[in-house]
Amino acid sequence: MAKIIVVTSGKGGVGKTTTSAAISSGLAMRGHKTAVIDFDIGLRNLDLIMNCERRVVYDFVNVINGEATLKQALIKDKRCEDLYILPASQTRDKDALTKEGVEKVLNQLSDDGFEYIICDSPAGIEHGAFMALYFADTAIVVSNPEVSSVRDSDRILGILQSKSRRAELGQTVEEFLLVTRYNPGRVENGDMLGVDDVQEILATTLLGVIPDSESVLKASNQGLPIIHDKESDAGQAYQDAVARLLGEKVDHRFLSVESKSFFQRLFRRSA
Amino acid sequence: MNVDSSLAVDQSSHAPSFRLKGGLFPLTLLELANGDLQRLREDLTLKVAEAPAFFQQAPAVLSLDVYEDEAPAPDLHAIQQLCLEFGLIVVALRGANEELQTTAKELNLAILSNSRSKPNTKTSSADTHGSEAVDPQTTASDTADTAQTAVDSDTSVSGGDTTEPVTEDLFEAGSAPVLEDAIGTETPINSPDPTQTKVITTPVRSGQQIYAAGGDLIVLAPVSAGAELLADGNIHVYGALRGRALAGVKGNTAARVFCQSLEAELISIAGYFKLNEDLRDTHWKQSIQASLTDETLNIEPLKARGR
């Protein structure tokens with residue numbers, strides 16, 4: 001059985017798609033056969049981050065409606081042997097997703113030997129987000145270190161543990177917190193919530209802290225998942241997060257200002 | 001229906017006709033001061049006018065714990081009928097002498113053991129709360145144990161419907177309510193839906209609402225901002241309380257709220273509430289209990305007492 005992992009947050013713009021791309025790439029780089037599905041029907045983004053937008057022929061909704069086979073719709077990643085992308089439809093809306101349809105696709109991926117299925121959730125707590133999280137075994141909740149993002153994450157954790165399929169079966173969804181856009185300098189100045197504060201409020205396992213970095217934006221615009229950038233703090237932090245997701249014990253890095261390099265301080269000044 | 005003898009058989013046989021389950025129910029305790037029916041009628045009229053909804057088919061225990069010694073013995077039948085007029089169904093009698101117990105049996109009333117503590121139970125139970133809260137885990141398990149005792153004792157008694165005198169008694173270790181005798185196995189006591197203390201072990205998230213109908217709510221995890229806890233009885237939070245907590249939502253003014261770290265948006269007891277901005281001034285992020293006296297919500301720190 002494939003492990004279904006939803007990347008969700010409630011709030012928009014916190015880095016769900018960036019995280020989905022990085023985590024799925026990271027798993028595939030370690031030799032796990034992985035599929036990543038864009039659930040943001042109507043606002044297709046994942047294909048851009050994964051740099052496969054020119055190869056999209058069929059999409060997730062086509063497969064659900066039986067207009068294309070899964071094989072036709074899956075796009076093989078050019079960098080990772082074991083990674084496949086199932087893009088969202090840009091012309092439909094989120095109501096095109098049905099529980100039965102999503103389940104059918106997930107089951108088929110599982111039957112095809114995929115070990116991990118990453119569901120990139122849209123923002124919000126409406127139908128699209130619900131469909132993305134409903135079948136999840138594991139959830140990666142992405143949160144920025146600011147109060148509104150943390151509260152939305154809290155809300156989505158509540159929905160996960162009460163409305164998902166596992167919750168309906170009386171089981172729990174394994175939950176992880178990923179803090180993104182973390183700026184230790186601003187935390188020290190008191191402008192930003194510290195990771196301890198976020199973790200205290202959300203009371204859940206910390207998967208990783210991704211430092212705020214220019215390289216993330218640059219990688220997104222180039223269509224290169226940040227995890228491939230082994231020089232950057234953010235790329236390394238995602239590598240660590242993938243290791244922890246697979247059960248390895250890795251110390252958290254990039255939490256304090258001291259670890260900042262000279263170049264990053266330069267970047268911050270120009271930002 | 002002979003429950004006692006059929007119990008063992010039922011557990012092993014294939015198709016039991018019923019199941020015996022323990023249940024804890026909040027019951028109104030009507031503490032009678034004397035047997036003056038005229039005054040009882042007047043006072044009940046006033047009370048019902050205050051909260052009409054509260055008296056709709058509500059089960060009640062008639063308590064004689066504070067009955068005046070020199071007053072003539074109460075006419076149980078008349079009192080029962082009078083209460084019924086006002087929507088209170090008297091289901092049991094507490095603190096009665098043998099003579100009255102015989103009358104009670106004829107009236108199909110259950111007999112409850114006398115309360116251990118003397119009339120001033122409120123203060124003593126407050127002490128119990130205060131000292132027990134030093135070790136939250138103990139309190140939680142004590143409560144569970146006590147509840148278990150209640151269940152056990154109920155199981156040994158005939159009659160599927162069980163009664164529980166008052167929520168306060170839950171916290172007096174060893175004083176689990178015992179039905180000394182239960183009559184009316186043929187005509188089960190008309191009690192509301194089975195309810196008991198609700199225990200939540202996972203974090204209560206923003207947007208979630210948890211209601212403990214008819215009993216206490218115990219949360220062994222943090223309660224997030226934007227979450228809402230409701231209980232007919234007390235609310236205990238062994239973690240940070242950042243959301244809203246509403247105890248005694250059906251009007252129980254003796255209900256309390258306990259929490260390990262006060263960071264709440266709102267605390268309410270029987271409709272009297274304090275908002276975050278009023279709570280911030282004192283005992284913020286401390287272990288507290290909230291109680292109601294004379295329509296004022298008090299927040300006091302939890303301290304060990306007498307140890």
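## The contact between chain A and chain B

In this predicted model, the contact draws 12 residues from chain A and 10 residues from chain B. The size of an interface is often given as the accessible area lost when the parts come together. Here the area buried between chain A and chain B comes to about 880 Å², and carbon and sulfur atoms give 42% of that area. On the side of chain A, the residues A:Arg151, A:Asp154 and A:Arg155 supply 46% of the area that chain A buries against chain B, which is more than any other three residues supply.

Across this interface there are 4 salt bridges, and 7 residue pairs are in polar contact, with both residues of each pair at pLDDT 80 or more. The elements giving two or more residues to the side of chain A that touches chain B are α7 (147-163) and α10 (195-202) of chain A, and α7(A) provides the largest share, 6 residues. By residue class, the side of chain A that touches chain B divides into 4 nonpolar, 3 polar and 5 charged residues.

Side chains of opposite charge can pair when their charged atoms come close. One salt bridge is formed by A:Arg151 with B:Glu265, where the closest N and O atoms are 3.9 Å apart. Because A:Arg151 lies in helix α7 of chain A and B:Glu265 in the loop between β12 (257-262) and β13 (266-269) of chain B, the pair joins two chains. A:Arg151 is partly exposed, with a relative accessible area of 43%.

## Salt bridges within chain B

The structure holds 20 salt bridges over all chains. One of them brings together the side chains of B:Arg94 and B:Asp65, at 2.9 Å from N to O. The pair links distant parts of the chain, with B:Arg94 in strand β3 (residues 88-94) of chain B and B:Asp65 in the loop between β2 (58-63) and α3 (76-85) of chain B, 29 residues apart. Both B:Arg94 and B:Asp65 are buried.

Another salt bridge is that of B:Lys250 with B:Asp232, whose closest N and O atoms are 3.5 Å apart. B:Lys250 lies in the loop between β11 (244-247) and β12 of chain B, and B:Asp232 in the loop between β9 (228-231) and β10 (235-241) of chain B, so the pair ties together parts that are 18 residues apart in sequence. Within this pair, B:Lys250 is exposed, with a relative accessible area of 54%, whereas B:Asp232 is buried, with a relative accessible area of 12%.

## The buried face of helix α3 of chain B

In α3(B), the residues B:Leu76, B:Ile79, B:Gln80, B:Leu82 and B:Cys83 are buried. Seen down the axis of α3(B), the buried residues fall within an arc of 165°, so they line one face of the helix. An α-helix has 3.6 residues a turn, so residues three or four places apart point the same way.

The cover over the buried residues of α3(B) includes β1 (28-31), α2 (37-50), β2, β3 and α4 (98-106) of chain B. Just after α3(B), the residue B:Gly87 takes a positive phi of about 90°.

Methods. Residues numbered from 1 in each chain as written. Chains lettered and ligands numbered in written order. Predicted model: local features only at pLDDT ≥ 70, side-chain atom pairs only at ≥ 80, totals over all residues. Heavy atoms only, no water. Contact = heavy atoms within 4.5 Å. Buried area = accessible area lost by both parts, 1.4 Å probe. Polar contact = N/O pair within 3.5 Å; in protein donor to acceptor, adjacent residues only side chain to side chain. Helix = DSSP H or I, 4+ residues; strand = E, 2+ residues; numbered from the N terminus. Nonpolar A, V, L, I, M, F, W, Y, C, P; charged D, E, K, R; others polar. Buried < 20%, exposed > 50% of the residue type's maximum accessible area, 1.4 Å probe, protein only. Arc of directions from axis to C-beta.
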